[in-house]
Amino acid sequence: MSATIHPTAIVEDGATLAAGVSIGPFCRVGADVRLGEGVVLESHVVVEGHTTIGARTRVHPFACLGGPPQDYKYDGSPTRLVVGSDCTIREAVTMHRGTPQGGGETRVGDRCFILAYAHVAHDNRIGHDVVLTNTAMLGGHVTIGDYAIVGGGAGIHQFVRIGAYAFVGGLAAVEHDVIPYGMAIGNRADLAGLNLVGLKRRGVPREAIHALRRAYRALFEGAGTLAERADAVEAQYGEIAQVREILDFVRSAGRRSIMTPGAGA
């Protein structure tokens, strides 16, 4: 089945449209764009630059994908935006291409749910099944793990890492890395425990959740340095996959420090 293009849409020569693509009224698709099988651009959508959108992704009106990065140093190099398959991108979402200094690519995984007015900045690495709620704002070079949720109006500082299955509350201002399965709330956001709802939704066994809660307390409330506590947690709970994931995250080098619980958390 060939692509369907509304008469008012502009598709530049060179664009690659797979079978079943539907391009609605007043859309604009640039010459270096590649749209996978069954992609739908509803109306008034702009896709430009070296942008690839995976199969069956649906883009709602007034989204702008593949624009140049908002970076003074950007020199016009042909950097990329890659969006995965089966994503939903709602109204007025913006996603920018990468920068040469950041690896040249912004990447969004499969099955992501990007709600209205959310912003994905240059050189972001967004995992699979991520939810960005309305007006979520990601600075440059942000990394978000699989199944994480960022609440409405939350702002994520550049270079911050948000681990898999983490939850960031609405209107939170996040300037430190959030551990996998963690829950970050507030302005400036502090770690407020584990994302227990997300753990249960994803079918993590009850015994593993209980062990994870004990490991969390030992990691952030015990004596000694964070590195010493991490070693102690590994010795006691290292057989739990979710605990190992948190420890690997804490020990890996990030540009931002690890978010810790606030007073009274």
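Predicted model: local features only at pLDDT ≥ 70, side-chain atom pairs only at ≥ 80, totals over all residues.
Local features need pLDDT of at least 70, side-chain atom pairs count only at pLDDT 80 or more, and totals for chains, interfaces and linings use all residues. Residues are numbered from 1 along each chain as its sequence is written, and side-chain values use heavy atoms, with hydrogens and water left out.

**Exercise 1.** Find which residues a cis peptide bond joins, and place R188 in the fold.

Solution. Most peptide bonds are trans. The cis bond joins N187 and R188, with omega about -10°. R188 lies in the loop between strand 27 (182-186) and strand 28 (189-194); strands (E, at least two residues) are DSSP runs, numbered from the N terminus.

**Exercise 2.** State the phi of R111 and say whether R111 is buried, partly exposed or exposed.

Solution. Step one: R111 is not a glycine, yet its phi is positive, about 60°. Step two: R111 sits in the loop between strand 15 (105-108) and strand 16 (113-114). Step three: buried means under 20% relative accessible area, exposed over 50%, partly exposed in between (1.4 Å probe, protein chains only). With a relative accessible area of 42%, R111 is partly exposed.

**Exercise 3.** Describe the salt bridge between R80 and E105.

Solution. A salt bridge is a side-chain nitrogen of Lys or Arg within 4 Å of a carboxyl oxygen of Asp or Glu. For R80 and E105 the N to O distance is 3.2 Å. The pair links distant parts of the chain, R80 in strand 12 (residues 80-83) and E105 in strand 15, 25 residues apart. R80 is partly exposed at 37% relative accessibility, while E105 is buried at 13%. R80, E105 and R107 are linked in a network of salt bridges.

Methods. Helix = DSSP H or I, 4+ residues; strand = E, 2+ residues; numbered from the N terminus.
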